[in-house]
Amino acid sequence: MNFWDIVYFGNSLREWGIALGIVVIGFTLIKILRLPVLKRFKKWSEKTSNSFDDFIVLAIEKTVIPFLYFVAIYGALQYLTFNQRINNIIQVAMMFVVTFYVLRLLSSAVQYSIYTFLGKYEDSETKQKQARGLVLIFKAVIWIVGLVFLMNNLGYNVTTIITGLGIGGIAVALAAQTILGDLFSYFVIFFDRPFEIGDFLKVDDKVGSVEYIGIKTTRIRAISGEQLIFSNKDLTDSRVHNFKRMERRRVVFSVGVTYQTSADQLKKIPEIIKGIIETIDGATFDRSHFSAFGDFSLNFESVYYIAGPDYTEYMNRQQNIYLQIFEAFEKEGIEFAYPTQTLFAGNSFINTKENKGEVKSEHFANVNGR
């Protein structure tokens with residue numbers, strides 16, 4: 001018997017050799033054609049302004065070329081003769097491979113479409129980060145639908161599977177109402193956009209910048225450094241202060257002077273404060289008034305506005321205003337008030353001063369002549 005006529009697993013060595021040759025030739029052709037084709041496509045994509053050609057190059061490199069390797073192997077196996085059971089296994093395996101690469105291509109196309117659509121807006125990078133959860137949901141739907149079609153092609157009763165998924169879905173929904181609530185809240189955050197990544201928020205007594213928006217939770221970096229994790233439903237149900245969208249900041253501050261301040265000095269104070277605020281770049285003066293007779297001071301309330309939400313800029317301007325007010329009062333001889341209290345007890349006169357947590361008392365007369 002000729003060596004090439006020896007039979008293994010229902011095929012002669014000649015047939016096995018031809019099948020192996022088909023695989024080797026196929027792999028070689030794919031590798032030979034891959035380099036010049038991809039190189040030419042990449043050069044062409046670099047000359048264009050749109051990103052669609054980049055997506056085509058990536059799809060060829062990540063999906064089409066690996067699929068061609070499986071096609072070469074499948075073609076070699078088709079040349080050989082197997083029993084019905086093995087043929088069925090090969091067919092099923094090929095169906096899985098085809099389904100996998102088709103679904104992979106569709107998932108990439110959906111992701112590309114969403115990111116391209118969001119790329120048209122300002123701050124597109126932030127919006128694309130925020131859309132990761134949405135992309136994940138779309139991909140999950142594509143893979144579930146694809147697997148259902150695969151099961152249908154394999155001869156399974158899809159209606160029974162869908163019915164089972166429906167009943168199971170209801171049971172899961174009842175058992176995971178909180179998770180579904182967070183999921184729907186994620187869609188509210190994504191489409192309604194009450195806040196985005198990078199926004200500075202205040203939620204109840206917590207403040208910080210948004211770092212990540214997920215399907216279930218949103219993570220905020222607190223100003224003290226730690227990470228705060230909120231469920232999406234908690235955020236959509238709460239009163240959220242978004243400071244990044246503040247067009248201008250309203251600042252109210254009070255100044256108290258002593259009761260020994262003269263009437264002429266009191267009349268000058270609003271004008272002094274107005275003049276100082278008007279010299280500050282980015283600050284808009286609103287008003288300054290003698291607002292109240294306090295227990296130990298004459299109080300003035302002033303209001304001004306600062307353009308923009310930046311807190312550091314606000315504090316820099318506020319510090320500048322306070323320093324100039326202090327200097328101006330020092331020149332005019334106007335004294336700031338601090339908590340004082342005068343007590344009368346019989347023939348005794350007691351003057352009590354509270355300053356920086358210290359209490360000093362002075363007695364100016366003897367009680368009953370003693």
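The following conversation works through some terms used for this predicted model.

Trainee: Why is the pair of phenylalanine 27 and tyrosine 69 called edge-to-face?

Mentor: The ring centres of phenylalanine 27 and tyrosine 69 lie 4.8 Å apart, with 75 degrees between the planes.

Trainee: Why is phenylalanine 27 called partly exposed, and why does tyrosine 69 count as buried?

Mentor: Buried means under 20% relative accessible area and exposed means over 50%, with partly exposed in between. Phenylalanine 27 has 26% relative accessibility and therefore counts as partly exposed, whereas tyrosine 69, at 17%, counts as buried.

Trainee: What makes arginine 248 a charge over the ring of tyrosine 305?

Mentor: Arginine 248 lies over the face of tyrosine 305 at 3.8 Å from the ring centre, and the distance limit for such an arrangement is within 6 Å. Arginine 249 lies over the face of tyrosine 314, at 4.9 Å from the ring centre.

Trainee: Is tyrosine 74 buried or partly exposed, and how do you know?

Mentor: Tyrosine 74, which is in helix α2, has a relative accessible area of 22% and is therefore partly exposed, because the buried class ends under 20%. Leaving aside neighbours within four places in sequence, tyrosine 74 is in contact with Ile90, Gln91 and Met94. Of these, isoleucine 90 is 16 residues from tyrosine 74 in sequence and 8.0 Å away in space, C-alpha to C-alpha.

Trainee: Why are β8 and β9 said to stand at the edges of their sheet?

Mentor: The open sheet of 3 strands has the order β8-β10-β9, with antiparallel pairing. β8 (248-257) and β9 (283-293) each have a single partner strand, so one side of each is left without a neighbour in the sheet.

Trainee: How do you know that β9 and β10 count as paired?

Mentor: Two strands pair if at least two bridges are found between them, and β9 and strand β10 (residues 298-307) pair in the antiparallel sense over 9 bridges. Within this pairing, the bridge partner of histidine 289 is glutamate 301 in β10.

Trainee: Which helices lie across this sheet, and how do they run?

Mentor: Helix α9 lies across β8, β9 and β10, running at about 160 degrees to β9, and helix α10 lies across those strands too, at about 25 degrees to β8. The axes of α9 (residues 263-278) and α10 (residues 311-332) come within 10 Å and cross at roughly 145 degrees, and the crossing is right-handed.

Note on methods
Residues numbered from 1 in each chain as written. Predicted model: local features only at pLDDT ≥ 70, side-chain atom pairs only at ≥ 80, totals over all residues. Heavy atoms only, no water. Phe/Tyr/Trp six-rings, centres within 6.5 Å; stacked < 30°, edge-to-face > 60°. Buried < 20%, exposed > 50% of the residue type's maximum accessible area, 1.4 Å probe, protein only. Lys NZ or Arg CZ within 6 Å of the ring centre and 35° of its normal. Helix = DSSP H or I, 4+ residues; strand = E, 2+ residues; numbered from the N terminus. Contact = heavy atoms within 4.5 Å. Axes fitted to C-alpha atoms, helices over the stretch in contact; angles between N-to-C directions. Left-handed = near helix turned anticlockwise from the far one by under 90°.
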